[in-house]
Amino acid sequence: MDALNTMENRVHFQLATMLKQIDEQNNYIAGLEKDLSTLSADVAQQNAQLAKAAAEERRKQKALTSTISITDDTRTAHGKVILGEEEWVWLDSLKASFKARVDTGATTSSLSATDVQVFERDGKQWARFNLNHDANERPEDADMVEAPVVRWVKIRQANSEEPQRRPVIEAWVKLGQLHEKAQFTLADRTQMTYPVLLGREFFKDIALVDVGKTFVQGNNEQQVQKN
């Protein structure tokens, strides 16, 4: 009987130990399942964030591609502005736009001017002139402009043996994306088609000229068109 009791006690002890181990393993598995569930939720959240970021990046790339397609492909090339043979130019001093001819054969630019008068102001030479591009326009209706003279040039006309000395002034010009200060020789262009001529000094290194196109840069809607 003592031997049987001892064996029974040993079996109960081993069974209790096994049940305890099973409980501990079940708790450990439950902890692992909880950690796995948390990790899955974190992964799902990160995947959602990555998908949202990827969608936003695709949207930006599409918008950028659309912008490049609209602007760079048609109005710029290789980081330079494309100019046609004719363009609208905006003169800041007059707050008006004018048709201009882009002339790759001319070095300097010129501006239609009549009744040119040179005077002195603060020890410097200035020019006062009418921006007149209509031979029939009355002088009082022309735009009077004053600007400092930056230098003088000599121009030889085809019908004259003696060169003419003409003043050169500076003016701010806006043409599409360009907003540059340019030098203009004052000349009577009333018999010519365009009141403004843009020479190479204006667009060199910043623009490409395609003589097969016209008005590539368009005309700002806020500009006042004036022929």
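This is a predicted model: local features need pLDDT of at least 70, side-chain atom pairs count only at pLDDT 80 or more; totals for chains, interfaces and linings use all residues.
Start at the N terminus and follow the protein chain: its elements run α-β-β-β-β-β-β-β-β-β-β-β-α-β. That makes 2 helices and 12 strands.

Residues are numbered from 1 along each chain as its sequence is written, and side-chain values use heavy atoms, without hydrogens and water.

**Whole chain.** Show the protein chain. Buried residues are 29% of its 227 residues. Buried means under 20% relative accessible area, exposed over 50%, and partly exposed in between, with a 1.4 Å probe and protein chains only.

**First stop: the open sheet.** Select E1, E2 and E12. These 3 strands form an open sheet in the order E1-E2-E12, with mixed pairing. Strand E1 (76-77) and strand E12 (207-210) are at the edges with a single partner strand each, so one side of each has no neighbour in the sheet. E1 pairs with strand E2 (residues 80-84) in the antiparallel sense over 2 bridges; strands count as paired if DSSP finds at least two bridges between them. Pick Ala77: its bridge partner in E2 is Lys80.

**Second stop: a hairpin.** Select residues 114-121, strand E6, and residues 124-131, strand E7; they pair in the antiparallel sense over 6 bridges. Click Val118, and then Ala127, its bridge partner in E7. The hairpin has 2 residues between the strands, and Asp122 takes a positive phi near 55°.

Go to strand E10 (residues 178-187), where Thr185 lies. Is Thr185 buried or exposed? It counts as buried, at 4% relative accessibility. Beyond its neighbours within four places in sequence, Thr185 is in contact with residues including Ser110, Val153, Arg166 and Val168. Contact means heavy atoms within 4.5 Å.

**Last stop: the largest pocket.** Its volume is about 250 Å³. A pocket is an open set of points on a 1 Å grid over the protein atoms alone where a 1.4 Å probe fits, with protein on both sides within 12 Å along at least five of seven lines; lining residues have an atom within 4 Å of a point. Select Ser110, Ile155, Arg166, Ala187 and Arg189: of the 13 lining residues, these are the closest to the centre.

Conventions. Grid points are joined across faces, edges and corners, and a volume is the space filled by probe spheres set on the points. Helices (H or I, at least four residues) and strands (E, at least two) are DSSP runs, numbered from the N terminus.
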